[in-house]
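Thank you all for coming.

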Amino acid sequence: MANTPKSFGRKSIRATMTPSSLMDEVPDLAGVWQARVITLFPDAFPGVLGESLTGRALQDGKWQLHTHNLRDFGLTKHKNVDDTPSGGGAGMVLRADVVGPAIEAANAHSKGRVPVVYMSPRGVPFTQKMAQSWARCDGVTILCGRFEGVDERVLEHYNVMEVSLGDFVMTGGEIAAQAMIDATVRLLPGVLGNADSAVEESHSNGLLEHPQYTRPATWNGRDVPQVLMSGNHAKIEQWRQEMSENLTQTRRPDLWAKRTKPEK
Ligand SMILES: C[S@@+](CC[C@H](N)C(=O)[O-])C[C@H]1O[C@@H](n2cnc3c(N)ncnc32)[C@H](O)[C@@H]1O
């Protein structure tokens, strides 16, 4: 159906639900965190978001996912979405008069505080802090680029923030969108089984996480560190904190510097 977002959210739990049946069209649920993705490839969703914790939370209506197919906003009978770059050069650029109406359509569904972001290798790097801030909003609208990207004017007009998954270039924004939605959804209330895991894990407190071990106690001649088998919780806590600090100092001196010298 033209210009109708595909919704992956659910109103209630049904034991037989599979990720593909999350594609049923369901209305937005009031008070539920909404992810909207503007993409040329709506079939790439829910993708990995339909699995495990995020998939279960989607089925349980703890968050909702909608795609807006950029092709529906295409021009002429061929539904063209792109054109050659002004000034010449390689590739194609997504047109402002296609992306603009798609953003308008997504915004028309948004209620409350919903940042509009563009997946872009030029953007500010995505961080745990950003995931925490998006999780406190009512949702997020994500524009996925393709080709050489989108016409700059549309980003300026809608005050769209550019966000990067890292210093590398992918063919489209869909993988980045799934990564960022995943990192955000797991912070929503009730999504993680054990809320403490989100507090203790890497990047939540400016440190990388300590090493983890499980059974067997000895594997290939390597033992689980003795302190973890001691049952002494104070000692275990101290060991974990020290490991966490050592790892951060050696692997990520940039994070360590930020932690010891708070930003002005
Ligand atoms: C081939 S890239 C375009 C790269 C663009 N010409 C440039 O040099 O900045 C196509 C699309 O993939 C997405 N993309 C590529 N790398 C990304 C990254 N590191 N983070 C987020 N999105 C990315 C963006 O949506 C981008 O519009």
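Predicted model: local features only at pLDDT ≥ 70, side-chain atom pairs only at ≥ 80, totals over all residues.

Let me begin with strand 3, residues 63-69, which is mostly covered, since 7 of its 7 residues are buried; a residue is called buried here if 20 or more other C-beta atoms, placed from the backbone, lie within 10 Å of its own. Helices (H or I, at least four residues) and strands (E, at least two) are DSSP runs, numbered from the N terminus. Residues are numbered from 1 along each chain as its sequence is written.

Both faces of strand 3 are covered, with Trp63, Leu65, Thr67 and Asn69 buried on one side, and Gln64, His66 and His68 buried on the other.

What runs alongside? Strand 1, residues 6-7, pairs with strand 3 in the antiparallel sense over 2 bridges, where pairing requires that DSSP finds at least two bridges between the strands. Within that pairing, Lys6 has Thr67 as its bridge partner. Strand 2, residues 33-39, runs parallel to strand 3 and is joined to it by 7 bridges, and Thr39 stands opposite Asn69.

Turning to helix 3, residues 128-135, we find Ala131, Trp134 and Ala135 buried. What covers the buried residues of helix 3 includes strand 7 (139-143) and helix 5 (174-185).

Key. Buried ≥ 20, exposed ≤ 12 C-beta atoms within 10 Å, placed from the backbone. Contact = placed C-beta atoms within 7 Å.
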